[in-house]
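Please look over the chain shown here before reading the notes that follow. They are grouped by topic.

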Amino acid sequence: MSTNTTTWPDTDRPTSTVEGPWINNGKKPPASRLRTTGHRRSVPYLLLGVLLVLACVGGFVLISLHSGDRQAVLALARGVVTGRVLTTQDLRQVNVAVDPGVAFVGADQAVTVVGRPMATSLSAGALLTPDAVGGAAVPTSGQAIAALALKPGQFPTEVGPGVRVSVVFVPGQAGTASSPPADGGTVWPAVVTSVTAAANDQSTVVSVQLTEAAARQVAAVPAGQLSIVMLSSGGR
């Protein structure tokens with residue numbers, strides 16, 4: 001006796017309609033669903049990319065606006081006083097935005113100011129202007145320059161041209177002159193103009209600019225009875 005059996009192909013079996021994670025006997029989900037999911041996931045990344053591009057463009061525009069008018073000009077690398085002869089070490093180049101009405105010395109004009117005396121005193125960082133160089137008498141009216149022969153310990157090693165100081169009378173040891181000048185001065189405000197080490201290395205000559213009256217008082221003090229106190233840039 002024979003029995004007839006009908007076999008259905010696997011491809012004709014009905015598919016599952018259960019919702020949730022796609023499980024269909026190991027088969028891949030339809031391509032249309034993959035395309036839809038990938039498209040939805042890519043939208044936030046596209047928006048983020050657009051925002052990044054806009055931010056970069058905006059930053060470039062801001063930098064261009066702020067740097068478009070910048071020019072290379074000369075500024076002082078350290079403080080200088082009236083009469084000081086400018087050297088290359090006194091200058092540095094800076095890039096700044098300069099208004100049309102502001103006078104300045106361009107970085108390419110350094111050779112025209114190096115070797116010339118200062119017509120005014122300027123602090124470190126100040127822009128150099130054409131009228132700040134040359135033309136002034138040394139010292140200026142009402143001022144005088146006195147030279148002090150100082151030994152180690154009588155002045156700070158940081159003292160240099162342009163530094164504001166106080167010249168202080170120091171009483172001498174027993175058996176030496178110890179009284180202050182006849183007109184009573186004991187402390188004199190001054191500005192250092194130069195510092196030169198003596199050949200024997202036992203003393204240093206510090207030249208200071210102060211008023212004429214103060215210069216005469218300082219000059220009358222016996223050697224070894226003066227010291228220098230370094231002040232801040234705004235000190236007196």
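What percentage of the 236 residues of the chain count as buried? The share is 26%, where buried means under 20% relative accessible area, exposed over 50%, and partly exposed in between (1.4 Å probe, protein chains only). This is a predicted model, in which local features need pLDDT of at least 70, side-chain atom pairs count only at pLDDT 80 or more, and totals for chains, interfaces and linings use all residues. Residues are numbered from 1 along each chain as its sequence is written, and side-chain values use heavy atoms, with hydrogens and water left out.

**Overall layout**

- The chain has two helices and seven strands; helices (H or I, at least four residues) and strands (E, at least two) are DSSP runs, numbered from the N terminus.
- Along the sequence, their pattern is α-β-β-β-β-β-β-α-β.
- Among contacts in the chain with a separation of 6 or more, 65% are between residues 24 or more positions apart; contact means heavy atoms within 4.5 Å.

**The sheet**

- An open sheet is formed by five strands in the order S3-S6-S5-S4-S7, with antiparallel pairing; two strands pair if DSSP finds at least two bridges between them.
- S3 and S7 are the edge strands, and each pairs on one side only.
- From one strand to the next, the twist averages 40°; axes are lines fitted to C-alpha atoms, for helices over the stretch in contact, and angles run from 0 to 180 degrees between N-to-C directions.
- S4 and S7 are joined by five bridges, and Val168 has Ser227 in S7 as its bridge partner.

**Helix H2**

- In H2 (residues 212-219), the buried residues are Ala214, Ala215, Gln217 and Val218.
- These residues lie on the same side of H2 because they cover an arc of only 165° around the axis, taken from the directions from the helix axis to the C-beta atoms.
- Arg216 and Ala219 are exposed, on the face of H2 turned away from its buried side.
- H2 lies across S3, S4, S5, S6 and S7, and runs at about 145° to S6.

**Nonpolar cores**

- The largest nonpolar core has 22 residues; such a core is a set of buried Ala, Val, Leu, Ile, Met, Phe, Trp, Tyr and Cys residues joined through side-chain atoms within 4.5 Å.
- S3, S4, S5, S6, H2 and S7 each give two or more residues to this core, and the largest share, four residues, comes from S3.
- A second, separate core has 12 residues, including Val80 and Met118.
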